[in-house]
Amino acid sequence: MRASDRAYALLRSDIVEWRLAPGDVLAEVEQSARLGVSRTPLREALSRLVAEGLAAPQAGRGVVVSAISLEAVTDLFEVRVPLECAAVRLAAARGDSGVFAALAGEFARAGHLIEDDGGGQEAYYALVARLDQCIDDAAGNHYLLQAQKPIRTHLARVRRLARDNPARLLASAREHEQIARALASGNADLTEASMRVHLHHSLQHLLGPPADSDSPRAPDHRS
């Protein structure tokens, strides 16, 4: 792997996983030393992150991790909804019903993962990723997948915010269960309706007020 590719992959992971938070400065000297690369490949990596919208140049500070605004979340979902609905309709028509029925069963039992503080939520997100992958595989549309990739990059940052609200994650698990059951039935209309319900609730959770005063909420980047 080229040095610039490695620096890009590491920085991208740190941003998506919130190890680098919105507004953090990606100083060349510091990041070069931390990642073990020279400044030239680091600059290439930073340019790619800026092009993706994960970082942004800021006057007087250099390159910083980009913010997540309420407007950005809304824009993201405006594009996400038709792409996700197209994908599940194709998957319902083309997929293996047994695979999706098994996933529905796993989501029905996913409550213990969400309530487990010892890494259970990581296992839950891995289950969500498996459903996404099975939908992609069943849909079998390369162009649709390519269109979804940049959306999913930003969605990964936004999705992490739900970790602060186990109640939302439990509701999300039930919604994913319904999506998987609809996929197993092969009914494209029912599957699309289930997906639209999930996406609507997800967006409303992100845009709505916090459940209590202890719930972190910063409209400029943790929307």
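Student: Which residue forms a salt bridge with Asp189?

Tutor: A salt bridge is a side-chain nitrogen of Lys or Arg within 4 Å of a carboxyl oxygen of Asp or Glu. Here Asp189 pairs with Arg89, and their closest N and O atoms are 3.0 Å apart. This is a predicted model, in which local features need pLDDT of at least 70 and side-chain atom pairs count only at pLDDT 80 or more, while totals for chains, interfaces and linings use all residues. Residues are numbered from 1 along each chain as its sequence is written, and side-chain values use heavy atoms, with hydrogens and water left out.

Student: What does the pair of Asp189 and Arg89 tie together?

Tutor: Helices (H or I, at least four residues) are DSSP runs, numbered from the N terminus. Asp189 lies in helix α10 (residues 188-207) and Arg89 in helix α4 (residues 70-94), so their contact ties together parts that are 100 residues apart in sequence. Arg89 and Asp189 are also linked with Glu192 and Arg196 in a network of salt bridges.

Student: Is Asp189 buried or exposed?

Tutor: Buried means under 20% relative accessible area, exposed over 50%, and partly exposed in between (1.4 Å probe, protein chains only). Asp189 is exposed at 54%, whereas Arg89 is partly exposed at 31%.

Student: How many salt bridges does a search of the whole structure find?

Tutor: The search finds 14. Among them is the one between Arg181 and Glu177, with closest N and O atoms 3.0 Å apart. Arg181 and Glu177 are four residues apart in helix α9 (residues 166-185), a separation of about one helical turn.

Key
Helix = DSSP H or I, 4+ residues; strand = E, 2+ residues; numbered from the N terminus.
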